[in-house]
Amino acid sequence: MVSVNTLTVLPTVEALNEAVGSAFLARLCVLIDEAEAGSRINVAISGGAVATSLLPSLLPRVGEIDWSRVRVWLVDERYVPAGHGDRNDDQAWEGFFHAASGVEFVRMPTSDASAPGGGCLDAATLAFTATWTALMGDGSFDIALIGMGPDGHICSLFPGHVDLEESSPILAIRNSPKPPPERITVSMPVMRACPEVWLTTVGDGKAEALGRAFAGASPLDLPVAGILRPSTYVYLDAAAASQIQLPSTLAQE
């Protein structure tokens with residue numbers, strides 16, 4: 001079994017959201033306190049349940065964080081027009097970050113002709129790469145809170161389409177196995193360079209992929225395996241964790 005910092009298993013989605021939400025906000029406070037005065041912490045989030053379930057559950061606690069010290073990124077985005085229901089950024093903004101006073105919220109380009117790149121995926125990806133380089137240089141996020149798909153994909157990095165040595169931090173994705181087909185995503189090297197990745201996911205549809213990833217599967221086959229390491233925090237419900245072979249010495253909550 002691969003080694004992670006924390007593997008916490010909760011019985012319900014509500015209990016899981018409470019546990020990971022409380023721990024993540026507490027950790028974010030520490031990172032802000034430790035950072036250079038006036039600087040922003042770079043926080044990455046994914047779409048899916050993180051944006052539509054976990055973050056909205058934390059709205060009553062939004063005031064616990066000094067959001068003027070935080071810059072938020074999406075790890076990937078669906079390349080569709082502004083206002084489209086598939087946009088991760090709109091879901092995250094409307095579900096939580098609209099209430100995070102002072103936050104810097106970085107959006108990836110939309111497919112509108114008037115957007116950066118003029119409606120061309122390659123040009124939009126280059127435009128966002130320039131934004132990334134201006135703000136991040138050759139660095140990565142300080143902390144990331146992400147989910148996982150049933151096939152083991154993270155971000156928009158799908159099985160069989162991962163380059164562990166990719167030189168570009170930002171990638172254009174075509175023919176995504178999950179619609180919509182065109183996306184923009186950070187690369188696997190960016191995710192592997194992040195010092196703290198927090199993975200949270202639920203449901204028995206995730207169990208097989210997680211079981212294989214924790215057993216040591218290749219990231220080329222299961223991208224989620226690429227971020228399972230001693231610095232990774234993993235929060236699951238019982239269904240998602242059901243095929244992970246836990247050592248008898250590992251405590252669960």
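Begin with the largest nonpolar core of this predicted model. This core has 47 residues, and Phe-141, Val-186, Met-191, Leu-199 and Ile-227 are those with the most contacts inside it. Helix H4 contributes the most, with five residues. In soluble globular proteins, nonpolar side chains tend to be buried together.

Select Met-191 next. What does Met-191 touch, leaving out residues up to four places away in sequence? Its contacts are Val-75, Phe-141, Ala-144, Ile-146, Cys-155, Val-186, Val-197 and Ile-227. Another core, of 33 residues, lies apart from the largest one; Val-20, Val-43, Ile-45 and Ala-51 are among its members.

**Strand S3**

Now select residues 70-74, which form strand S3. Five of its five residues are buried, so the strand is largely enclosed by the rest of the structure. Look along the strand: Val-70, Val-72 and Leu-74 point one way, while Arg-71 and Trp-73 point the other way. In a regular strand the side chains alternate between the two faces of the sheet.

One place to check is Asn-42, whose bridge partner in S3 is Arg-71. To get from S2 to S3, the chain passes through helix H2 (residues 49-57), and this β-α-β crossover is right-handed.

S3 also pairs with strand S5 (residues 104-106), in the parallel sense, over three bridges. Here Trp-73 stands opposite Val-106 in S5.

**Phe-105**

Stay in S5 and select Phe-105, which lies in this strand. Is Phe-105 buried or exposed? Its relative accessibility is 15%, and buried means under 20%, so Phe-105 counts as buried. Phe-105 and Arg-71 are 34 residues apart in sequence, yet 5.9 Å apart in space, C-alpha to C-alpha. Leaving aside neighbours within four places in sequence, Phe-105 is in contact with Val-72, Leu-74, Asp-89, Ala-92, Trp-93 and Phe-97.

Go back to H2 and colour Val-50, Ala-51, Leu-54 and Leu-55, which are buried. Turn the view to look down the helix axis: the buried residues fall within an arc of 115°, so they line one face of H2. An α-helix has 3.6 residues a turn, so residues three or four places apart point the same way. The buried residues of H2 pack against helix H1 (13-34), S2, helix H3 (88-95), strand S6 (143-146) and strand S9 (197-201).

Select H3 next. Its buried residues are Asn-88, Asp-89, Asp-90, Ala-92 and Gly-95. They pack against S2, H2, S3, strand S4 (76-78) and S5.

**The three-stranded sheet**

From S4, move to an open sheet of three strands. In what order do its strands lie? The order is S4-S8-S7, and the pairing is antiparallel. S4 and strand S7 (170-173) are the edge strands, each pairing on one side only. Neighbouring strands of this sheet are turned by 15° against each other on average, direction ignored.

Zoom in on S4 and strand S8 (residues 183-186), which are joined by three bridges. Arg-78 stands opposite Arg-183 in S8.

For the last stop, select helix H4, residues 121-136. H4 lies across S7 and S8 and runs at about 165° to S7.

Terms used:
Residues numbered from 1 in each chain as written. Predicted model: local features only at pLDDT ≥ 70, side-chain atom pairs only at ≥ 80, totals over all residues. Heavy atoms only, no water. Buried < 20%, exposed > 50% of the residue type's maximum accessible area, 1.4 Å probe, protein only. Helix = DSSP H or I, 4+ residues; strand = E, 2+ residues; numbered from the N terminus. Pairing = 2+ DSSP bridges. Right-handed = clockwise from strand over helix to strand, strands pointing away. Arc of directions from axis to C-beta. Contact = heavy atoms within 4.5 Å. Axes fitted to C-alpha atoms, helices over the stretch in contact; angles between N-to-C directions. Core = buried A, V, L, I, M, F, W, Y, C linked by side-chain atoms within 4.5 Å.
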